[in-house]
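Here is a short briefing on the structure shown below. It goes topic by topic.

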Amino acid sequence: MNNRNDDGGAREVLDTLVIGGGQAGLAMGHYLKRQDRRFLILDANPRIGDAWRQRWDTLRLFTPAKYDGLPGLPFPGDRLSFPTKDELADYLEAYAATFDLPVRSGIRVERLWREQGRYVAASDGRRWEASNVVVATGCTQAPRLPDFAAELAPSINQLHSSEYRNPGQLQDGRVLIVGLGNSGAEIALEVSRTHPTVIAGKPGGELPVRHGRAAARFALPVVRFLGLHVLTLDTPIGRKAAPHKLSHADPLIRTKSKDLAAAGVEFVPRVTGVKDGQPVVAGSPLDDVSNVIWCTGYRESFDWIEPRVFDGGGRPRQHRGVATDVPGLFFLGEEFMYAAASATLPGSCRDARYLAGKIPAAG
């Protein structure tokens, strides 16, 4: 249904609006289409899959292709291979076309609120009304940087991992990687081939087997099972694990500490501040740093949602993605939304199937 607002702007009335057209939003779209819903998927990126295309050039998935498909369309190619980020992006684009999902790209929702029993989403003078809204914007919305990053000397080239593409972006000289999670480890290994590299932080553990085809065949199915079915908010062990996972880096999967050491990467304690324009570690400035890559993760950003359904840490108050404070509002693709794997491709698909069964029909 298309109408006009009182001010003459365009208005669409829907059963369900999905905000976010990444893997989680597309999986939800698949299930909504099977239910013959009147729905629409809005995505801020110009092209489906761009959230992956915009990552660093050599990024590969940690999950093998056999676990990377969305419902109804297996990921093509070698099932034990680890797709590149561009291969996944192209797959997502092909997935939307295959199932003729109603995705509108290049639309960033600026505001979402509830009015007269419906949700209203607005962007650039347009508005959409829906009985139900699924927020599937993912967990990489807003790069997290420490406040003291602004105090680094102007001569130091700073990038967040979301901005890093390849070593060609870096100045000559020493590179400091801040954060020893998977992104930090992979980027540090890459830049160490062309620059003296230092990495600050401690890993949150390491996968106890070598990542690769053998792991894809034997070890990763066990990891997947644990992440989907054991470490959940419905189990005591999952509830105990959730706060740690949300506040610590994931275990190193492909690039381990010994790989970095073998490549000549220097390890230092975490960065605690800035002094005289230089990053401080162990109480002293780290001299001769020409580049800093902040591999410090992301923060959730829901400032545009006006129903205040968030806890003190900014996370949605929900159970298995169903908002507990207001009807018709759902969340998908967030870290440990229900299980340790909720933000992964397999987890997003499982959660989308569950949520699709919880979305009521429009009255």
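**Strand β10 and its neighbours**

Four bridges join β10 to β11 (residues 197-200), and the two run parallel. Strands here are DSSP E runs of at least two residues, helices are H or I runs of at least four, and both are numbered from the N terminus. Two strands pair if DSSP finds at least two bridges between them.

This is a predicted model: local features need pLDDT of at least 70, side-chain atom pairs count only at pLDDT 80 or more, and totals for chains, interfaces and linings use all residues. Residues are numbered from 1 along each chain as its sequence is written, and side-chain values use heavy atoms, with hydrogens and water left out.

- β10 also pairs with strand β16 (residues 289-294), in the parallel sense over five bridges.
- Arg174 stands opposite Val289 in β16.
- Five of the five residues of β10 (residues 174-178) are buried, so the strand is largely enclosed by the rest of the structure.
- Buried means under 20% relative accessible area, exposed means over 50%, and partly exposed lies in between (1.4 Å probe, protein chains only).
- Arg174, Leu176 and Val178 point one way from β10, while Val175 and Ile177 point the other way.

**The open sheet**

- Three strands form an open sheet in the order β13-β14-β15, with antiparallel pairing.
- Its edge strands, β13 (271-275) and β15 (284-285), each pair on one side only.
- Four bridges hold the antiparallel pairing of β13 and β14 (residues 278-281).
- Gly273 has Val280 of β14 as its bridge partner.

**Helix α1**

- α1 (residues 23-34) has twelve residues and reaches 17 Å from its first C-alpha to its last.
- That is close to the 16 Å expected at 1.5 Å a residue, where the expected span is 1.5 Å times one less than the number of residues.
- Ten of the twelve residues are buried, so α1 is largely enclosed by the rest of the structure.
- Among the buried residues are Gln23, Met28, His30 and Tyr31.
- Asp36 follows α1 and has a positive phi, near 60°.

**Asp43**

- Asp43 sits in the loop between β3 (39-42) and α2 (50-53).
- Asp43 is buried yet has no salt bridge. A salt bridge is a side-chain nitrogen of Lys or Arg within 4 Å of a carboxyl oxygen of Asp or Glu.
- The nearest side chain of opposite charge is Arg108, 8.2 Å away. Lys and Arg count as positive and Asp and Glu as negative; His and the chain ends are not counted.
- The Asp43 side chain reaches the backbone nitrogen of Gly21 at 2.7 Å.
- The Asp43 side chain also reaches the backbone nitrogen of Asn45, at 3.2 Å.

**Salt bridges**

- The count comes to 23 salt bridges.
- Glu93 pairs with Arg47, the closest N and O atoms being 2.8 Å apart.
- Glu93 lies in helix α3 (residues 85-98) and Arg47 in the loop between β3 and α2, so the pair ties together parts 46 residues apart in sequence.
- Arg53 and Asp90 meet in a salt bridge at 3.1 Å, N to O.
- Arg53 is in helix α2 and Asp90 in helix α3, 37 residues apart.
- Arg53 is buried at 15% relative accessible area, whereas Asp90 is partly exposed at 41%.
- Arg47, Asp50, Arg53, Asp90 and Glu93 are linked in a network of salt bridges.
- The side chains of Asp325 and Arg317 also meet in a salt bridge, at 2.6 Å.

How values were computed. Polar contact = N/O pair within 3.5 Å; in protein donor to acceptor, adjacent residues only side chain to side chain.
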